[in-house]
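Work through the following exercises with the structure open beside you, and try each task before you read its solution.

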Amino acid sequence: MNPDVEQVSVWAWYPEFESVVDEYNKNNDDVQICWNNAGVGADEYTKLNTALAAGSGAADVVMLEAAMLPSYTVQDSLVDLTPFGAADIKKNFSPGAWADVSTTEGVFAAPVDGGPMGMLYRSDIFKQYNVAVPTTWAEFADSAQQLKDNGYPGFITNFPTNGRAYIQALFSQAGAVPYTVDPDDPSRIGIDLESPEVLQVLNYWNDLIERGLVSHNDRNTSDDNARMLDGTYASYIAPAWGPGYLAGLADPGAVTEWRAVPLPQWDANKPVQVNWGGSSFAVTNQAPNPALSAKVAMGIFGSEATWKIGIEKATLFPLWSPMLESDYFRDLDYAFFGGQQINEDVFIDAAASYEGFTNLPFLSLIYDTTTEGLYAMAEGTQTPEETVTSLQKTFVDYAENQGFTVN
């Protein structure tokens, strides 16, 4: 890093990000990135919230999950990138990726990576027990029962009640619109957790749990990580970063019987693609030079070289179209998946068809409360109907207490 050039501070927790920073700094002589890992996810958000409340101490540019952006735009904590050339990069992203970082009031982050969803499955397990790989949710339930009937001792998959954005994506795939924000007045919101579509999803998974076909273990625990590899689960309903996560649990260089297929659909003739996770770079209102900070936010992952680092070393899934649509990315084969070209087979099409999802400005509450409700449902202490009624009341009461008008 050249100390004689103006610096922009960045908080980010991407794996291998130091190499990305070095690549950016090497190729820019008017600005240098000064990077710090302020923690992963909630840890960074806690530090950011403290700094914003204090009026100082925040980085100029911060990595934020796209779903978390409304929690900061409602506080006017982020800089609108529109005056600094956001329109020039819009063409490099799909409509869904762009919708996740923008509102009618502006563009508040640059998309980086995403989590279009598919299904990873153990081809050896499905073959051993003579069960077809499902393409619809009806077939998925049938396959789950067939695996059990044919002697498979595990579960077709795990339904993680602490999946956070996972269940929101499944709601959306079924046609639910659980949250809305008035584009002309962000203080007016809609909350609809009692819709037929939300109940359809919860009743579906609750039925599989009650029949002993699906487990409901917390994800991201050491025990569950072990289950991902020991044959307990025959499939993993996964985002595009899931293959990297799964491969990272195995021994280096492992080749397995895991394969990837598109996400099962409610209607095979009308496929709906959804997203789980993904992040962006935003400029905070404490940045002393918003223009230069915006250049960094929009340009860190704006080259083939930086994206190759992100893909090959950090297993990120690019939302940047020049890389997403490249022959290099399409044709990548993944040794862990037996050499399958999973991007071409599954995730590129899923990313292209994703249309975006509306989140509310109190996402942490939504995630935590939903986790509690799903756990109670999975444990059998409340029904899906009771779960959605409780969630609806909790969210509406909280929103109104915070000054929102709930439609």
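Axes here are lines fitted to C-alpha atoms, for helices over the stretch in contact, and angles between them run from 0 to 180 degrees between N-to-C directions. The model you are looking at is a predicted one.

**Exercise 1.** Find how helix 17 and helix 18 are oriented towards each other, and describe the residues that join them.

*Solution.* Begin with the geometry: helix 17, residues 363-378, packs against helix 18, residues 384-401, at an angle of about 160°, and their axes are 9 Å apart. Angles over 145 degrees count as roughly antiparallel, and helix 17 is therefore roughly antiparallel to helix 18. Next, consider the handedness, which is that of a right-handed crossing where helix 17 passes helix 18. Finally, look at the contact itself, where residues of helix 17, including Leu365, Ile366 and Met377, meet residues of helix 18, among them Leu391, Phe395 and Tyr398. Sorted by class, the residues of this contact of helix 17 with helix 18 comprise eight nonpolar, five polar and no charged ones.

**Exercise 2.** Carry out the analysis for helix 7 and helix 9.

*Solution.* Helix 7 (residues 137-149) and helix 9 (residues 196-210) pack with their axes 11 Å apart, at an angle of about 5°. Since angles under 35 degrees count as roughly parallel, helix 7 and helix 9 are roughly parallel to each other. Helix 7 brings Trp137, Phe140 and Ala141 to the contact, while helix 9 brings Tyr204, Trp205 and Leu208. The classes of the residues in this contact of helix 7 with helix 9 are six nonpolar, no polar and no charged.

**Exercise 3.** Trace the path of the chain from strand 1 to strand 2, and state the handedness of the crossover.

*Solution.* Strand 1 (residues 7-11) and strand 2 (residues 32-36) run parallel and are joined by five bridges. Within this pair, Val10 is found opposite Trp35 of strand 2.

Notes
Residues are numbered from 1 along each chain as its sequence is written. This is a predicted model: local features need pLDDT of at least 70, side-chain atom pairs count only at pLDDT 80 or more; totals for chains, interfaces and linings use all residues. Side-chain values use heavy atoms; hydrogens and water are left out. Helices (H or I, at least four residues) and strands (E, at least two) are DSSP runs, numbered from the N terminus. Angles under 35 degrees count as roughly parallel, over 145 as roughly antiparallel, 65 to 115 as roughly perpendicular and the rest as oblique. A crossing is left-handed if the near helix is turned anticlockwise from the far one by less than a right angle, and right-handed if clockwise. Contact means heavy atoms within 4.5 Å. Ala, Val, Leu, Ile, Met, Phe, Trp, Tyr, Cys and Pro count as nonpolar, Asp, Glu, Lys and Arg as charged, and the others, Gly among them, as polar. Two strands pair if DSSP finds at least two bridges between them. A crossover is right-handed if, with the strands pointing away from the viewer, the path from the first strand over the helix to the second runs clockwise.
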